[in-house]
Amino acid sequence: MTGHPVTRARWTIQEAERLLTSLNGVLSARVVARPGGDVDEIHLLTTDGIKPKQTVRNVESALLSYFDLSVDHRKISVAQTDEPRPSGPDFGDEPPVPVTPEPEPALTESRLLFIDHRMETEQASRIRHHVDIEWDGDVFTGDAVAADVPRAKLDAVGHATLGAVELAARSRIDDERRGITLALDGVKVVEAFDRTFVLTAVHAINGRHITALSGATPVTGSPDRAAILATLQATDRWVRGQF
């Protein structure tokens with residue numbers, strides 16, 4: 001019986017998002033695609049120094065040039081902010097090793113799931129946030145403390161979520177000297193297309209390899225919940241791809 005050759009994907013979501021975040025003015029990017037490589041949506045957060053139409057043209061050109069991927073401009077959405085591009089964390093004098101594409105996790109793998117968010121009042125109007133997530137039936141809890149003000153609360157739930165994700169990842173690592181570090185760049189609420197979104201930017205660090213991640217979730221209830229879901233969206237695929 002004659003076998004059929006296996007055709008590898010020409011690109012991955014991580015590679016496409018990494019390419020788009022390298023474009024001028026793009027702060028974060030999220031690509032939504034179906035199996036087989038059909039792109040459903042591309043969501044971008046950009047600085048206000050470049051017009052959205054120009055950004056869309058840049059995205060179309062970059063995807064076509066690098067991946068021979070043609071995307072309808074109507075599938076590309078652009079939200080703008082007046083905040084500058086984050087400089088990223090300080091990793092010392094040595095430059096980080098360039099990031100290599102990570103393998104896409106198998107579709108059968110269980111995702112990182114949000115379970116619960118709890119708050120405890122501490123002294124001086126400070127709130128301790130606990131975030132529970134589940135992975136393969138095990139529950140992991142991260143926590144962070146912040147002042148009881150809206151912006152600080154969003155950052156705190158982002159830090160707490162990353163703490164839980166790090167614990168989940170650590171449970172899969174036999175060598176205690178190895179580890180995954182997730183650094184929160186920021187959490188921001190933006191208005192776009194008559195809706196409110198929470199955007200999260202994260203740096204994922206595995207050894208000397210650094211990957212920029214991002215997530216975006218519409219606010220349908222609590223902004224805190226949207227921040228947790230956006231943070232999980234940013235990290236879930238990358239973390240699962242490490243094992």
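1. Aspartate 224 counts as buried at 9% relative accessibility (buried is under 20% relative accessible area, exposed over 50%, partly exposed in between; 1.4 Å probe, protein chains only). Aspartate 224 forms a salt bridge with lysine 153, closest N and O atoms 3.8 Å apart (a side-chain nitrogen of Lys or Arg within 4 Å of a carboxyl oxygen of Asp or Glu). The pair links helix H3 (residues 150-170) to helix H4, 71 residues apart (helices, H or I, at least four residues, and strands, E, at least two, are DSSP runs numbered from the N terminus).

2. On conventions: this is a predicted model, where local features need pLDDT of at least 70, side-chain atom pairs count only at pLDDT 80 or more, and totals for chains, interfaces and linings use all residues. Residues are numbered from 1 along each chain as its sequence is written, and side-chain values use heavy atoms, without hydrogens and water.

3. The structure holds 9 salt bridges. One of them joins aspartate 236 and arginine 111 at 3.3 Å between the closest N and O atoms. Aspartate 236 lies in helix H4 (residues 223-240), arginine 111 in the loop between strands E3 (76-81) and E4 (113-122). Aspartate 236 is buried at 2%; arginine 111 is partly exposed at 44%. Shared partners join Arg111, Asp236 and Arg240 into one network.

4. Strand E9 (residues 209-218) has 7 of its 10 residues buried, so the rest of the structure largely encloses it. E9 pairs with strand E8 (residues 195-206) in the antiparallel sense over 10 bridges (pairing needs at least two DSSP bridges). Isoleucine 205 has isoleucine 210 in E9 as its bridge partner.
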